[in-house]
Amino acid sequence: MKSFLNVEDLGDLKEALREAAEIKADRYKYNTLGKNKTLLMVFFNNSLRTRLSTQKAAMNLGMNVIVLDVNAGAWKLETERGVIMDGDKSEHLLEAIPVMGSYCDVIGIRSFAGLTNRDYDYAETVYHQFEQYSGKPVFAMETATVHPLQAFADLITIEENSPLALRRGAGGEAVKVVLTWAPHPRALPQAVPNSFAQWMNAADVDFVITHPEGYELDPKFVAGARVEYDQRKAFEGADFIYAKNWSCPGVTNPGDYGKILHDYHKMMHWTVDAEHMSWTNNARFMHCLPVRRGMIVTDDVIEAPTSLVIPEAANREISATVVLKRILQG
Ligand code: CP
């Protein structure tokens, strides 16, 4: 594997889940695979889980790790071509990338959406520049439009908590997974819901997306998923509730891209609380974290035994180990 951005990059999902279970049973099984290989993790944005879990995954495989926080000590980088660099940006990304590539064997990139230019974000411009100019395999640690390491960990968590779900096939009833929008005071990217939708569509589950009108995700990610604007109807019979906020994806109105469409104080009825969970089939609660309590979810729901947020975060080490192993194996 030379690039990890979309679910298709991993090939057969059942095989990937089998490999995840193998790694989970013995996460050091391949601890010499990365000997004398170096992972460079480049962060343009903050992180807790991705930073720690991906570094741990690389250590599981015997790799060396370098972490670069672009905004903490590196030269300020220009990313646009054709600009006169007479401002505060001292180095262009197009020189920085091949330099970074010369010091490592694999590069992970965290570069969030700017949420001002939809075409630039949805073209995954920064990620593809790393692919093109680094000369090394690259993988997404949340880019402008996707967060595949998170979605893979989410799928592993769903599989672990519904052992029959993804194996039923043959006329069996699939588990119902609901992705629900929830309020937030700041404009957030669509990377997590995009990837979650993409991965759930590829998995053998009954997948429903619910959100207020105007927050329609890009059709490329929604694909054949059912969209239900009535949150209560969507929650009925759900086995898993995956909550997440996202800003306007600008599908129906490109001018609204990256905006919060309603005052969040008026949207608090979308916050997942005990009443919402009572509409479900005793569903498990999921969120990628970090989460704002009282906005996305109430304390009692996230602290309940049915909450999977901690095992979900722990599975980030497993998803990253599988992905790095695949990259090292070429
Ligand atoms: N879920 C996730 O990617 O967490 P971080 O932003 O802390 O890495």
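Q: How far is an oxygen atom of the ligand from an N or O atom in the side chain of R316?
A: The structure is a predicted model, in which local features need pLDDT of at least 70, side-chain atom pairs count only at pLDDT 80 or more, and totals for chains, interfaces and linings use all residues. Side-chain values use heavy atoms, with hydrogens and water left out, and residues are numbered from 1 along each chain as its sequence is written. A polar contact is a pair of N or O atoms within 3.5 Å. For R316 and the ligand oxygen, the distance is 3.1 Å.

Q: What percentage of the ligand's exposed area does the protein bury?
A: Accessible areas come from the Shrake-Rupley method with a 1.4 Å probe. Taken alone, the ligand exposes 250 Å². Of that area, the protein buries 94%.

Q: At what distance from a ligand oxygen atom does an N or O atom in the side chain of H147 lie?
A: R49 places a polar side-chain atom 2.9 Å from an oxygen atom of the ligand. For H147, the corresponding distance is 2.8 Å.

Q: How many residues of the shell around the ligand are polar?
A: The residues around the ligand (a heavy atom within 4 Å of it) include S47, T50, Q150 and C288. The shell also holds three nonpolar and three charged residues. The number of polar residues is four.

Q: Between which domains does the ligand lie, and why?
A: An automatic or database assignment supplies the domain bounds. The centres of the two domains, taken over C-alpha atoms, are 25 Å apart. Both domains give residues to the shell, so the ligand lies between domain 1 (3-146 + 316-329) and domain 2 (149-313).

Terms used
A polar contact is a pair of N or O atoms within 3.5 Å; within protein, one must be able to donate a hydrogen and the other to accept it, and residues adjacent in sequence count only if both atoms are side-chain atoms. Ala, Val, Leu, Ile, Met, Phe, Trp, Tyr, Cys and Pro count as nonpolar, Asp, Glu, Lys and Arg as charged, and the others, Gly among them, as polar.
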